[in-house]
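Dear colleague,

Please find below the structure that I am handing over to you.

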Amino acid sequence: MFDLETPRLRLRPLATTDLPALAQMLADPEVMRHSLRGVCDDMATRVFLDWCFDCYIKHRTGPLALVDRQDGNFVGFCGVSPEKIQGTLELNLGYRLAKRYWGQGLATEAALAALEHAFSDRRFDSIVAIVESAHAASLRVVEKVGFGCFEALEFHKRPVRLYRMQRAQWQKRPVAEPS
């Protein structure tokens, strides 16, 4: 796999050693309020982690651990991973941060790094972002990183916005500043 770095974060494949911090984050109702799949118990977190490992093997991409470069603490995850949407396998940008890291621009910083890797290094043609319509903070992140138009649809019985970006759009976008 690969590691990526931003000014404040290291993005690396998730590991079994991340399980305690990941489980704590995914069990937080506030963190998971807009999650399409809801709060996770320890077993659901382990299933998610196994799915991440499977993504790494089968697709050579997936959610990456976000680690604070200064203190080494687990911040959350971000990455591009496969998602079946309306019967089609898409590559979906996803991210989730522990509550204490909210409001610092870290989701935008991580998403920019993940998209740069996906479009420039991996040369993916298209990436989507699925955001619950009521999740204002996440809507701001996808717009800051360059997603524009969206399609309103229902996903997992919830109203969402499906954004799509092509590699050519990524290459022509104005450079966004993490904030």
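A residue is called buried here when its relative accessible area is under 20%, exposed when it is over 50%, and partly exposed in between, with a 1.4 Å probe and protein chains only. At 0% relative accessibility, L49 therefore counts as buried.

Two remarks on the source are needed. The model is predicted, and local features need pLDDT of at least 70, side-chain atom pairs count only at pLDDT 80 or more, and totals for chains, interfaces and linings use all residues. Residues are numbered from 1 along each chain as its sequence is written, and side-chain values use heavy atoms, with hydrogens and water left out.

Helix α2

L49 belongs to helix α2; helices (H or I, at least four residues) and strands (E, at least two) are DSSP runs, numbered from the N terminus. Helix α2 covers residues 42–59, and its 18 residues should span 26 Å at 1.5 Å a residue, which agrees with the 25 Å between its end C-alpha atoms. The expected span is 1.5 Å times one less than the number of residues.

Which residues of α2 are buried? They are T45, F48, L49, C52, C55 and Y56. Because they cover an arc of only 110 degrees around the axis, they lie on the same side of α2; the arc is that of the directions from the helix axis to the C-beta atoms. On the other side of α2, M43, V47, I57 and K58 are exposed.

The buried residues of α2 pack against β2 (9–13), α1 (19–26), β3 (63–68) and β4 (74–85). Contact means heavy atoms within 4.5 Å. Leaving aside neighbours within four places in sequence, L49 is in contact with L14, A15, T16, L19 and L22.

At the start of α2, a side-chain oxygen of D41 comes to within 3.2 Å of the backbone nitrogen of M43. This is a polar contact, that is, a pair of N or O atoms within 3.5 Å; within protein, one must be able to donate a hydrogen and the other to accept it, and residues adjacent in sequence count only if both atoms are side-chain atoms. After α2 comes R60, whose phi is positive, near 55 degrees.

The nonpolar cores

A nonpolar core is a set of buried Ala, Val, Leu, Ile, Met, Phe, Trp, Tyr and Cys residues joined through side-chain atoms within 4.5 Å. The largest one has 52 residues, of which L93, I127 and F147 touch the most other members. Its largest share, 10 residues, comes from helix α3 (residues 106–121). A second, separate core of 8 residues includes I85, V128, F155 and L162.

N92 lies in strand β5 (residues 88–97) and is buried, with a relative accessible area of 9%. The side chain of N92 reaches the backbone nitrogen of I130 at 3.4 Å.

Aromatic pairs

Rings of Phe, Tyr and Trp (its six-membered ring) pair if their centres lie within 6.5 Å; planes under 30 degrees apart count as stacked, over 60 as edge-to-face and the rest as tilted. The structure holds 6 such pairs. One of them, F147 with Y163, is edge-to-face, at 6.2 Å centre to centre and 70 degrees between the planes. F147 sits in the loop between α4 (136–144) and β7 (150–155), and Y163 in strand β8 (residues 158–166), 16 residues apart. Both F147 and Y163 are buried. Ring pairs also link F48, W51 and F77 into a cluster.

With kind regards
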